[in-house]
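Student: I have a structure open and would like to learn how to read its features one at a time. Could you walk me through it?

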Amino acid sequence: MTPRFAARLAAATSLIAIAGTAMAAEVNVYSSRHYDSDDALYDKFTEETGITVNRIEGKADELIARLEAEGDNSPADVFITVDAGRMARAEETGILQPYASDTINGAVPEYLRHPDDLWFGVSQRARIIFYDKERVENPPQTYEALADPAYEGQICIRSSSNVYNQSLLASIIEADGAEAAKEWAAGVVGNLARAPQGGDTDQLRGLVSGECDIAVANHYYFLRAYQEDVEGLSSDIDSIGWVWPNQDGRGTHVNLTAAAMAAAAPNPEEAKALLEFLVSDFAQAHFANQNNEYPAVEGVPANEVTERLGEFKADSTTPTAAFSANAKEAQAIFNEVDWQ
């Protein structure tokens with residue numbers, strides 16, 4: 001019996017057991033995911049277990065503050081956020097507890113989990129380099145190359161307050177050291193085409209408008225423009241090329257949608273059941289199909305839309321937990337180099 005099969009069997013057994021004894025049970029989820037499509041995910045969980053899912057959505061920082069204020073009286077059982085860096089903030093406030101699940105640890109690779117089982121990734125989000133095919137002959141092949149003076153005045157990227165960029169810099173601190181990370185951040189600031197503004201989609205729109213030649217964004221913002229009409233992007237999407245950074249080195253930086261058990265969870269068994277459900281084949285396929293994310297569980301394929309980007313080597317040598325461990329230092333570096 002393979003470890004992955006054993007993990008799935010354990011998960012199925014756990015769900016069946018709860019289904020027979022907890023028909024009136026519930027689990028309360030605080031989530032910063034804002035996708036209506038997740039309704040189907042929770043409906044499937046309720047169908048399999050009889051456990052009702054009560055979901056409160058909001059911005060991660062607001063939910064963390066709410067959990068902290070509620071303290072031991074919090075009704076939250078599960079906390080879900082779309083960046084490992086946000087989990088760092090949750091961890092610092094003491095609002096999480098270990099999930100203690102062999103099922104989760106058998107399914108999710110170690111580098112996508114907290115070393116003390118405080119949280120784990122349920123889906124992966126690659127942060128990659130995009131460029132205008134006509135104006136850029138030799139796009140940067142690594143994150144480090146974004147600081148090369150050859151790209152002066154060409155780069156669009158989000159502000160330093162954006163947690164995706166904070167986690168990217170935190171990973172560079174881990175991989176290259178703090179001094180090199182500071183030099184990199186200063187170099188990128190020197191290469192900006194415009195002051196940081198807007199979200200990831202706006203960086204891609206900057207390529208179409210000609211404001212910049214190179215942009216950094218999460219992969220699924222680009223893919224969304226193939227599936228639906230994204231103003232200022234979809235009509236010229238074929239003019240944009242992409243690079244999987246650091247393929248000859250550590251691999252491409254991937255961030256996470258991450259899940260955790262709340263410290264004061266009033267329904268810990270139901271919370272554990274939901275967390276284990278999130279690594280099931282159904283849930284992993286859901287994340288892949290609904291938002292073009294990459295599954296966190298090895299062996300579950302990406303969807304057809306995502307596969308248009310081709311295969312790549314993800315950074316599996318830099319622990320995802322480093323994004324949270326280095327978050328404060330990353331922000332200090334951003335401030336020091338005046339990355340707005």
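Tutor: Gladly! Let us begin with a term for later: Ala, Val, Leu, Ile, Met, Phe, Trp, Tyr, Cys and Pro count as nonpolar, Asp, Glu, Lys and Arg as charged, and the others, Gly among them, as polar. Keep in mind too that this is a predicted model.

Student: Then let me use those classes. How many cavities of 30 Å³ or more does a search of the whole structure find?

Tutor: The general idea comes first. Rolling a probe the size of a water molecule over the atoms shows where empty space is left. In this structure the search finds 1 cavity of 30 Å³ or more, and the largest cavity holds about 40 Å³ of space.

Student: Which residues line the largest cavity, and how do they divide into nonpolar, polar and charged?

Tutor: The lining is made by His253, Val254, Asp315, Thr318, Thr320 and Phe323. By class, that gives 2 nonpolar, 3 polar and 1 charged.

Student: Now a strand, please. How many residues of β9 are buried?

Tutor: For β9 the count is 9 of its 9 residues, so to speak a mostly covered strand, by the rule that buried means under 20% relative accessible area. β3 pairs with β9 in the antiparallel sense over 4 bridges, with Ile80 opposite Ala259. β4 also runs antiparallel to β9, joined by 2 bridges, and here Leu96 faces Ala262. Then β5, residues 120-132, is joined to β9 by 6 bridges, again antiparallel, and Arg125 stands opposite Asn255.

Student: Which polar contact joins the side chain of Asn255 to another side chain?

Tutor: That one is with Ser167, at 3.3 Å. The Asn255 side chain also reaches a backbone atom, the nitrogen of Ala84, at 3.0 Å.

Student: Ala84 must bring us to a helix. Which residues of α4 are buried?

Tutor: An α-helix has 3.6 residues a turn, so residues three or four places apart point the same way. In α4, residues 84-93, the buried ones are Ala84, Gly85, Arg86, Met87, Ala88 and Ala90. Among the elements that cover them are α3 (60-70), β3 (78-81), α6 (163-176), β9 (254-262) and α13 (321-325).

Student: What caps the N-terminal end of α4, and what happens just after the helix?

Tutor: Asp83 is the cap, with a side-chain oxygen 2.5 Å from the backbone nitrogen of Gly85. Just after α4, Gly94 takes a positive phi of about 75 degrees.

Student: And where do residues other than glycine have a positive phi?

Tutor: Two cases are worth a look. Asp117, in the loop between α5 (102-107) and β5, has a positive phi of about 60 degrees although it is not a glycine. Asp338, in the segment after α14 (327-336), has one of about 65 degrees and is not a glycine either.

Student: Which strands pair with β7?

Tutor: β5 runs antiparallel to β7, joined by 5 bridges, and Tyr131 stands opposite Ile214. β6, residues 155-156, pairs with β7 in the parallel sense over 2 bridges, where Ile155 is opposite Ile214.

How values were computed: Residues are numbered from 1 along each chain as its sequence is written. This is a predicted model: local features need pLDDT of at least 70, side-chain atom pairs count only at pLDDT 80 or more; totals for chains, interfaces and linings use all residues. Side-chain values use heavy atoms; hydrogens and water are left out. Buried means under 20% relative accessible area, exposed over 50%, partly exposed in between (1.4 Å probe, protein chains only). Contact means heavy atoms within 4.5 Å. A polar contact is a pair of N or O atoms within 3.5 Å; within protein, one must be able to donate a hydrogen and the other to accept it, and residues adjacent in sequence count only if both atoms are side-chain atoms. On a 1 Å grid over the protein atoms alone, a cavity is a set of points where a 1.4 Å probe fits but cannot get out, and a pocket is an open set with protein on both sides within 12 Å along at least five of seven lines; lining residues have an atom within 4 Å of a point. Grid points are joined across faces, edges and corners, and a volume is the space filled by probe spheres set on the points. Two strands pair if DSSP finds at least two bridges between them.
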